[in-house]
Amino acid sequence: MRIAVILGSTRPGRLGDRVCRFVMGKAALVDGAEFTVLDLADHPMPFFDEPLAPLANHDRRPSAPVRAWLEAMAAADAYVFLTPEYNHAPPAALKNALDFLATEAAGKPATIVSYSTTAHGGALAGQHLRLSLSKAGMLPLPRSLPLAHADRLFDPTGELVERSDWARRVAEFVPASLRDLVEHARALKTLEEATTSGR
């Protein structure tokens with residue numbers, strides 16, 4: 001299974017780098033999947049500027065940066081979305097990237113890891129993102145754990161440095177949610193292959 005870990009912040013000095021390193025460290029312990037970081041900072045795209053909605057544009061010719069993003073999304077079997085919270089919503093860069101999708105991610109599972117320096121852990125951004133993922137045809141898994149006070153949880157290398165019941169909960173939940181995502185991706189791919197072969 002190919003899992004794309006999408007880093008949704010593009011800001012300099014972003015907290016998301018710590019969260020991403022932590023998630024990738026836990027991903028290395030998950031069998032049966034290859035996790036790859038898909039950093040939006042490496043995929044600078046214009047604000048959505050196509051004359052037609054992607055699903056309605058049968059003569060679509062995306063620009064090279066957009067095409068690279070779409071191909072990377074299409075190549076994955078499932079997704080982990082890492083999102084901070086800006087004014088109670090996901091970053092504009094992440095929402096904009098999702099607006100370019102047509103069917104590349106349809107029918108594939110996704111899990112959301114929201115984070116912030118506050119006690120809310122980006123929960124509202126996660127809720128907003130769940131709606132956008134669903135409208136793009138993805139299947140967001142129901143369980144999530146907003147990472148509150150993520151700046152205290154992780155050091156710059158992504159190591160979990162806080163020693164508390166909350167930190168232990170995070171350490172247990174993240175790898176469990178990644179394994180759950182892989183299991184869903186495998187089941188959905190098997191179902192898709194069976195459906196395709198039966199046609």
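**Notebook: fold, sheet and a few residues**

I started with overall size: for 199 residues a compact globule would have a radius of gyration near 16 Å, and the chain has 17 Å, which agrees. That radius is taken over C-alpha atoms, and the globule rule is 2.2 Å times the number of residues to the power 0.38.

Ground rules before going on. This is a predicted model, where local features need pLDDT of at least 70, side-chain atom pairs count only at pLDDT 80 or more, and totals for chains, interfaces and linings use all residues. Residues are numbered from 1 along each chain as its sequence is written, and side-chain values use heavy atoms, with hydrogens and water left out.

**Whole chain**

I looked at the extents next: the C-alpha trace spans about 55 × 40 × 25 Å along its principal axes. I get 45% of the 199 residues as buried (under 20% relative accessible area; exposed is over 50%, partly exposed in between; 1.4 Å probe, protein chains only). The accessible surface is about 10,200 Å², 55% of it belonging to carbon and sulfur atoms (Shrake-Rupley method, 1.4 Å probe; for residues, only the protein chains shown count as cover).

I then checked contacts (heavy atoms within 4.5 Å). Of those in the chain with a separation of 6 or more, 78% are between residues 24 or more positions apart.

**Sheet**

I counted 6 helices and 5 strands, in the sequence pattern β-α-β-α-β-α-β-α-β-α-α. These are DSSP runs numbered from the N terminus: helices are H or I with at least four residues, strands are E with at least two.

What is the strand order in the open sheet? I read β2-β1-β3-β4-β5, with parallel pairing. β2 (34-39) and β5 (139-140) stand at the edges with a single partner strand each, so one side of each has no neighbour in the sheet. Pairing here requires at least two DSSP bridges between two strands.

I went through the bridges from β1 (residues 2-7). β1 runs parallel to β2, joined by 6 bridges, and A4 stands opposite T36 there. On to β3 (residues 78-83): 5 bridges join this strand to β1, again parallel, and A4 has Y79 as its bridge partner in β3. From β3 to β4 I find 5 bridges, also parallel, with V80 partnered by T111.

**How covered are the strands?**

For β1, 5 of the 6 residues are buried, so the strand is largely enclosed by the rest of the structure. β4 (residues 109-114) is mostly covered, with 6 of its 6 residues buried.

Which way do the β4 residues point? I noted P109, T111 and V113 on one side and A110, I112 and S114 on the other, all buried. In a regular strand, side chains alternate between the two faces of the sheet.

**Helix α3**

I listed the buried residues of α3 (residues 92-99): L94, N96, A97 and L98. What do they pack against? I found β1, α2 (64-75), β3 and α4 (123-135).

**A74**

Last stop was A74, in helix α2. Leaving out residues up to four places away in sequence, A74 touches E104 and K108.
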